Amino acid sequence: MSSNGTRFDSMNNPLDRRRFLGRAVLGGSAAVVGATALGSLAPEAAFAAPAAQRPDGPVREPDLTKPDPDFAEGRIMSVGGSMLMVAGSDRTLHRIHVTAATSVWKLRPTTFDQAAVGDGLYARGVRLGDGTLAADALWLNIVNLVVHISSIGKDVIHFDHNGSRVIGHVVAGTTAAVYNDTPAVSDLSLLRVGSHAQVIGAWRPDTNEVDLATVYAAA
Amino acid sequence: MPSEIDAPTYTETTWFCCGTAWGPCGSTGRGACGTCNSGSLQCAWPNTSDACFDITRPDRCGDTALRRTCGHTFYITSRCNGNRVTVRIADCGPQTDLWCGERTCCSGLCATNRLMDLTPAAFSRIGSLSTGRLPVRVSSEGF
């Protein structure tokens, strides 16, 4: 079994997972080293194995009438050490702990030092007793847009998104296309003006521009 | 009008943002039910009303999608890792007929056509947002 499998098996119980992340946040280097050994910086890998499904112990079903307490969204106000201060779009203030076990995505799997003030953010983790969120995963500036392709340039694709123009930047070595159910390829030549697409990308804060990670389209 | 069979369905899911939000999501609003919020465990379903169905048209892909209205509870299981999330309908979508025949697989376990959109909070309980699409099992009766 892979190290990721080990990580999630050991935390099938949400109480174990909460204790683990709590220790990673509070326990200093030993806990962080442990987290590094068990975790992954790639979100896809981190989610490849089953997560907490509470095989024993009390079931903690979320209250569907309220926001998910183990999730946060907003924009980064400050970065201090391993703590993010995030202003939620609903004006909630989130304090998010990042550990060596936290997977970070910003256009591609990356490291926490790429987080910047002003970045948009989604975070999933475990809400600790002090109200902070210990993050399993951070997605910085990620957008998922259903668009129509309005023009295609050498390194830029213009999209129409709900009547607004979005400029998509092709990033060499990163941008990929998925045509129907084929594997991702770097060849974007099958994209067609006038057709629709789904775009996963990284927003450039305070602009209408995104760097393209994956474009899903019909061939 | 689509179908009568109320059995678990295998379908693709992706994610969408709604409610107050940053970036290109900032203009999305609260969705067809008026309650949609990216941080809540919610979903969009392509047959919440006649008007919704006229837009999404899952029937054009040969798919059946029972009428399910705002607040209906679905139980979603990822075919990639078995992770689960419970969600309630908060919006109309996805536009299924844009993606007829599209298929997503994990280790040979596949799903075809998009009948389900999840909020980021819901999607991130079962997979990485950077994945974009997942094959899932959808049930109204529990996991």
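These are my notebook entries on a two-chain model, which is predicted.

**Entry 1: confidence**

A reminder to myself: where pLDDT is low, the predicted coordinates should not be read in detail.

**Entry 2: chain A in outline**

I find four helices and 13 strands in chain A. Of its 219 residues, 40% are buried. I also checked the contacts in chain A with a separation of 6 or more: 61% of them are between residues 24 or more positions apart.

L107(A) is not a glycine, yet its phi is positive, near 75°. I placed L107(A) in the loop between β4 and β5 (108-110) of chain A. Is L107(A) buried or exposed? I counted 22 C-beta neighbours inside 10 Å, and the cut-off for buried is 20 or more, so L107(A) is buried.

**Entry 3: chain B in outline**

Chain B has two helices and eight strands. Along the sequence, I read their order as β-β-α-β-β-β-β-β-α-β. The C-alpha trace of chain B spans about 35 × 35 × 30 Å along its principal axes. I noted that 57% of the 143 residues of chain B count as buried. For contacts in chain B between residues at least 6 apart in sequence, 70% join residues at least 24 apart.

**Entry 4: the barrel**

Six strands of chain B form a closed barrel, which I followed in the order β1-β7-β2-β4-β3-β8, and the pairing is mixed. On average, neighbouring strands of this sheet are turned by 45° against each other, direction ignored. I zoomed in on one pair: strands β2 (residues 42-45) and β7 (residues 114-118) of chain B run antiparallel and are joined by two bridges. Within this pairing, C43(B) has L118(B) in β7(B) as its bridge partner.

**Entry 5: loops of chain B**

I found a cis peptide bond between G93(B) and P94(B), with omega about -10°. P94(B) belongs to the loop between β4 (84-92) and β5 (103-106) of chain B. S107(B), again not a glycine, has a positive phi of about 50°, and it lies in the loop between β5 and β6 (109-112) of chain B. S107(B) has 9 C-beta neighbours inside 10 Å and the limit for exposed is 12 or fewer, so I logged S107(B) as exposed.

**Entry 6: where the chains meet**

Last, I turned to the contact between the chains. Chain A contributes 41 residues and chain B 35 residues. On the side of chain A that touches chain B, the elements giving two or more residues include α4 (43-46), β1 (71-80), β8 (142-152) and β13 (209-217) of chain A. I sorted this side of chain A by class and got 23 nonpolar, eleven polar and seven charged residues.

Note on methods: Residues are numbered from 1 along each chain as its sequence is written. Chains are lettered from A and ligands numbered from 1 in the order in which they are written. This is a predicted model: local features need pLDDT of at least 70, side-chain atom pairs count only at pLDDT 80 or more; totals for chains, interfaces and linings use all residues. Two residues are in contact if their C-beta atoms, placed from the backbone, lie within 7 Å. Ala, Val, Leu, Ile, Met, Phe, Trp, Tyr, Cys and Pro count as nonpolar, Asp, Glu, Lys and Arg as charged, and the others, Gly among them, as polar. Two strands pair if DSSP finds at least two bridges between them. Axes are lines fitted to C-alpha atoms, for helices over the stretch in contact, and angles run from 0 to 180 degrees between N-to-C directions.
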